[in-house]
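The sequence and the structure are shown first.

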Amino acid sequence: MGNVTSGAAAPDAAAPVAVITGASSGIGAATARRLAAEGYQVIAAARRIDRLDELVTQITDTGGQARAVACDITSDESVAALRDQLPEPVTLLVNNAGGALGLAPVETADLTDWRWMYEVNMLGTARITQALLPALERSGRGTVVVVGSTAGLAVYEGGAGYTGAKHAERALAETLRLELCGRPVRVIEIDPGLVKTDEFALVRFRGDTERAAAVYAGVPDPLVAEDIADCVAWCATRPHHVNVDRLVVRPLAQAANHKVHRRE
Ligand code: 8X3
């Protein structure tokens, strides 16, 4: 897809550039707002340009710098078009785009769903990371953040497609860190547990609002998108020699993937 760019505050050339994928909602949008507040020149990337435009307006209205770029991370052409219009230096890439589809057991799961999850979580992250690595390295102080999931650390029934994709994404992040050792790009993995956002569960259950609501039912204070944005901002703003390899973050009510306290 050809990329559409819109919205811009007068750019402060000194501000470091942060590219955030999946920025049209949830964790991505919250991260865009937070990084803009931290002084980054935010490039908000996602497929839905109308949602990005709203986000950019919010950010610029509060004095931040942001630009929206329509980008589909499953497309080579779209990612190349994004790369070719980035100002430099690009110091931060937040790989947030991803998602889950379905919760069917291995016996009956639709492998088309699995293919989609591998495309958006693993290959999408790989594609844009490959494209932006030269610019990140040229900055002399690059950071790649991979927003993974606790689903990349353990498995659960019905989750093989998603946990498989998230395990793969974690392997990508770990491998990249090894390969870049000695070069000025750090790789940080943030693995959230239960985060209540508008879309994650709704997408997983294809718009079934009851099933989506049940994911969070009775859970006191699930994490929200801003909690993860806070983690991204904290990791990204450490001195560049400090590499937080992996941050696992869950709500207090979730001791492990399967161990969730719910009020009656
Ligand atoms: C979301 C966490 O537990 O729904 O990435 O797989 S879980």
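## Ligand site

The model is a predicted one. In it, the ligand is surrounded by Ser149, Ala151, Tyr156, Tyr162, Gly193, Phe200 and Arg204. This shell divides into four nonpolar residues, two polar residues and one charged residue.

For Ser149, an N or O atom of the side chain is 2.6 Å from a ligand oxygen. Tyr156 places a polar side-chain atom 2.6 Å from an oxygen atom of the ligand, and for Tyr162 the corresponding distance is 2.7 Å. The ligand taken alone exposes 250 Å², of which the protein buries 84%.

## Nonpolar cores

The largest nonpolar core has 37 residues. Within this core, the members that touch the most others are Leu35, Val42, Leu92, Val94, Val145 and Ile190. Helix H8, which spans residues 225-236, gives the most to the core, with eight residues. Another core, of 26 residues, lies apart from the largest one and includes Leu93, Ile128, Leu132 and Val144.

With neighbours within four places in sequence left aside, Ile190 is in contact with Val145, Val146, Val147, Gly148 and Ser149, among others.

Thr143 belongs to strand S6, residues 142-147. Its relative accessible area is 3%, so Thr143 is buried. Beyond the neighbours within four places in sequence, Thr143 is in contact with Thr91, Leu92, Leu93, Leu136, Val185, Arg186, Ile188 and His240. Among these partners, Leu92 is listed in the largest core, while Leu93 is a member of the core of 26 residues.

Gln254 is located in strand S11, residues 254-256. Because its relative accessible area is 8%, Gln254 counts as buried. The side chain of Gln254 reaches the backbone nitrogen of Leu194 at 2.9 Å. Apart from neighbours within four places in sequence, the contacts of Gln254 are with Gly193, Leu194, Lys259 and Val260.

Trp234 is placed in helix H8. With a relative accessible area of 42%, Trp234 is partly exposed. The C-alpha atoms of Trp234 and Leu35 are 9.9 Å apart in space, although 199 residues separate the two in sequence.

Arg115 is part of helix H4, residues 111-139. The relative accessibility of Arg115 is 56%, so this residue counts as exposed. Between the C-alpha atoms of Arg115 and Ala165 the separation is 9.0 Å, with the two residues 50 places apart along the chain.

## Backbone features

A cis peptide bond joins Glu88 and Pro89, with omega at about 0°. Pro89 lies in the loop between helix H3 (76-84) and strand S5 (90-95).

Several features occur around helix H7, residues 209-216. In the loop between helix H6 (200-204) and H7, Arg206 has a phi near 50°, a positive value in a residue other than glycine. Arg206 counts as exposed, because its relative accessibility is 55%. At the start of H7, a side-chain oxygen of Asp208 comes to within 3.1 Å of the backbone nitrogen of Glu210. Just after H7, Gly218 takes a positive phi of about 75°. The loop between H7 and strand S9 (223-224) holds Asp221, which is not a glycine but has a positive phi of about 50°. At 66% relative accessibility, Asp221 counts as exposed.

Methods. Residues are numbered from 1 along each chain as its sequence is written. This is a predicted model: local features need pLDDT of at least 70, side-chain atom pairs count only at pLDDT 80 or more; totals for chains, interfaces and linings use all residues. Side-chain values use heavy atoms; hydrogens and water are left out. A residue is near a molecule or strand if one of its heavy atoms lies within 4 Å of it. A polar contact is a pair of N or O atoms within 3.5 Å; within protein, one must be able to donate a hydrogen and the other to accept it, and residues adjacent in sequence count only if both atoms are side-chain atoms. Accessible areas come from the Shrake-Rupley method with a 1.4 Å probe; for residues, only the protein chains shown count as cover. Ala, Val, Leu, Ile, Met, Phe, Trp, Tyr, Cys and Pro count as nonpolar, Asp, Glu, Lys and Arg as charged, and the others, Gly among them, as polar. A nonpolar core is a set of buried Ala, Val, Leu, Ile, Met, Phe, Trp, Tyr and Cys residues joined through side-chain atoms within 4.5 Å. Buried means under 20% relative accessible area, exposed over 50%, partly exposed in between (1.4 Å probe, protein chains only). Helices (H or I, at least four residues) and strands (E, at least two) are DSSP runs, numbered from the N terminus. Contact means heavy atoms within 4.5 Å.
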